[in-house]
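Q: Could you walk me through how to read a fold like this one, feature by feature?

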Amino acid sequence: MVLSRLRESLTSALRDLLKAPFVDKRVLEETIRSIQRALLIADVNVHLVLSISNRIRERALKESVPPGFSRKEVVLRVIYEELVKLLGGEEPPDISIPTGKGYALMLVGIQGSGKTTTAAKLAWFYKRKGLKTALVCADTYRPGAYEQLAQLADKINVPIYGYKEAGSKDPLKISIKGVKFFKEKGYDLIIVDTAGRHKDEKSLMNEIMEINEKVRPDEVMLVIDATIGQQAKTQAEAFHKAVKVGSIFITKLDGTAKGGGALSAVAVTGAKVKFIGVGEKIEDIEPFNPPNFVSRLLGMGDLKSLIDKMKEVELTKELGEELITKLSSGKFTLLDLYSQLRAIKRMGPLARLLELIPGFGLTITKDMADVASEKLDRWLIIMQSMTQEELERPRIINRSRMERIARGSGTTVKDVKELLNYYNMMNKAFRRLIRRGRRFRGLGVPRGLRM
Ligand SMILES: Nc1nc2c(ncn2[C@@H]2O[C@H](COP(=O)(O)OP(=O)(O)OP(=O)(O)O)[C@@H](O)[C@H]2O)c(=O)[nH]1
Ligand SMILES: [Mg+2]
């Protein structure tokens with residue numbers, strides 16, 4: 001496994017946290033110290049380590065514990081979220097490539113960073129996704145560069161264009177002609193492998209800038225060797241100054257303990273890490289997805305589902321509170337019932353929703369809140385047959401209106417009555433609650449209810 005050392009120390013830090021009977025300041029500090037140690041060993045920059053420690057410290061004991069969860073789980077969530085942030089954020093990068101456009105992807109990077117290997121990996125990866133991919137070898141400095149790429153290309157059965165095809169040793173000419181050649185042939189993705197070896201860094205940058213200007217690739221991908229750890233930042237910035245780096249490929253994450261340093265260092269430059277290289281073979285390529293990566297690092301595959309559940313409960317609670325605020329204005333119409341029923345359909349029983357709000361669950365009995373799902377569907381259809389006025393002022397719904405609504409919704413007057421009874425019952429319960437609002441003062445009931 002990639003970054004096994006970091007993984008071991010992080011999972012052991014979490015194991016200790018989970019073993020503690022409860023989380024207090026002392027336990028939290030111990031956990032933070034273990035995480036710091038783990039990150040520093042992985043060559044994460046010391047400033048980054050300090051700021052992630054501070055954020056964990058600030059959030060872990062302060063953030064509210066959603067109903068049904070424990071403080072420990074909140075701490076886990078905070079650690080997970082902060083690590084995800086450190087390694088690039090919640091949003092996984094978009095690795096899709098449009099087809100039929102001759103998308104030109106230029107790889108840049110210093111000598112030996114893994115460009116040529118990466119070119120073949122990418123060609124293989126996208127070919128497997130059904131794209132027509134091709135390779136251009138713009139490296140005429142390194143002896144055998146063409147042969148190296150040609151050999152890899154042959155393995156995956158992807159065409160290559162280089163000095164032989166171009167009849168020239170000029171990298172710029174080869175790039176221009178190669179991209180044009182494959183574009184005309186209808187290739188979807190054309191990967192340009194550039195040189196890393198040069199007499200000095202300046203001439204390397206100049207060449208990249210020139211190719212970039214004349215070829216105008218759709219994307220420049222910077223290839224960085226993970227073994228340089230946090231030095232990756234300086235490198236990323238230097239390349240970014242020369243050409244606009246659109247994405248990053250971090251190689252050799254399999255063979256280094258410093259990968260955490262490389263990943264976190266480039267995350268701060270703003271360019272997204274799209275892939276990681278996890279071995280020398282062509283198939284050793286993985287799209288980079290910070291949330292999944294961190295879940296694996298923490299050795300907890302189910303962590304993400306725990307956090308999703310927590311988020312859902314929070315959202316439900318918010319919705320419930322919104323409802324109460326609305327009720328406190330004294331009006332609960334059929335329209336409100338409609339949106340409530342839709343929310344229930346999405347999120348489960350109203351009883352659960354209301355339980356989450358202190359003092360509220362008591363008001364409504366379980367029977368009132370548990371509405372069978374078919375009934376819910378029928379009621380939603382019935383309400384769709386009502387006029388706006390009827391929804392806002394249910395009182396006006398008399399017998400003849402009921403008949404019309406039943407006809408319009410393909411139901412019976414009995415069904416319509418049942419819905420109206422339910423509405424009346426809920427309305428009464430809510431009114432009772434509002435009258436009692438005073439009693440809930442200080443229990444976290446929204447301000448509107450505290451009379
Ligand atoms: N373990 C491991 N080795 C890799 C990975 N990617 C590349 N390598 C190795 O790194 C070495 C250099 O790779 P190249 O692809 O030749 O690097 P390059 O950037 O094209 O080098 P130049 O063309 O000389 O600038 C080779 O031995 C590769 O096998 C990886 O993800 N993991
Ligand atoms: Mg190369």
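Q: What should I know before looking?

A: This is a predicted model, where local features need pLDDT of at least 70, side-chain atom pairs count only at pLDDT 80 or more, and totals for chains, interfaces and linings use all residues. Residues are numbered from 1 along each chain as its sequence is written, chains are lettered from A and ligands numbered from 1 in the order in which they are written, and side-chain values use heavy atoms, with hydrogens and water left out.

Q: How many helices and strands does the protein chain have?

A: Helices (H or I, at least four residues) and strands (E, at least two) are DSSP runs, numbered from the N terminus. Here the protein chain has 20 helices and 8 strands.

Q: And how much of the protein chain is buried?

A: Buried means under 20% relative accessible area, exposed over 50%, and partly exposed in between (1.4 Å probe, protein chains only). Of the 451 residues in the protein chain, 52% are buried. As for contacts (heavy atoms within 4.5 Å), take those with a separation of 6 or more: 72% of them join residues 24 or more positions apart.

Q: Which residues touch the most other members of the largest nonpolar core?

A: A nonpolar core is a set of buried Ala, Val, Leu, Ile, Met, Phe, Trp, Tyr and Cys residues joined through side-chain atoms within 4.5 Å. The largest one has 85 residues, and Leu39, Ile56, Leu83, Ile250, Leu263, Ile276 and Phe293 touch the most other members. Helix α4 (residues 71-86) supplies the largest share of this core, 9 residues. There's also a second, separate core of 30 residues, with Ile97, Tyr103, Leu105 and Met221 among them.

Q: What does Ile276 touch?

A: Skip its neighbours within four places in sequence, and Ile276 has contacts including Phe249, Ile250, Leu253, Leu263 and Phe293. Asp284 and Glu286 are also among its partners.

Q: How do I read a helix such as α2?

A: An α-helix has 3.6 residues a turn, so residues three or four places apart point the same way. For length, the expected span is 1.5 Å times one less than the number of residues. Helix α2 (residues 25-41) has 17 residues and reaches 24 Å from its first C-alpha to its last, close to the 24 Å expected. Its buried residues include Val27, Leu28, Thr31, Ile32, Ile35 and Leu39, and their cover includes α1 (4-19), α3 (46-60) and α4. After α2 comes Asp43, with a positive phi near 70°.

Q: Which residues come nearest to ligand 1?

A: A residue is near a molecule if one of its heavy atoms lies within 4 Å of it. Ligand 1 has 20 residues around it, with Lys115, Thr116, Thr117, Asp254 and Glu280 coming nearest. Helix α5 (residues 115-128) gives the most to this shell, 4 residues.

Q: What polar atoms sit by the oxygen atoms of ligand 1?

A: Look for N or O pairs within 3.5 Å. A polar side-chain atom of Glu280 is 2.8 Å from a ligand 1 oxygen atom, and a polar backbone atom of Gly114 is also 2.8 Å from an oxygen atom of ligand 1. A backbone N or O atom of Lys252 lies 3.0 Å from one.

Q: Is Glu418 buried or partly exposed?

A: Glu418 counts as partly exposed because its relative accessibility is 27%. Glu418 lies in helix α20 (residues 413-436) and, not counting residues up to four places away in sequence, touches Lys375 and Trp379.

Q: Where does Ser4 lie?

A: Ser4 lies in helix α1. Ser4 and Asp254 are 250 residues apart in sequence and 8.8 Å apart in space, C-alpha to C-alpha.

Conventions:
Polar contact = N/O pair within 3.5 Å; in protein donor to acceptor, adjacent residues only side chain to side chain.
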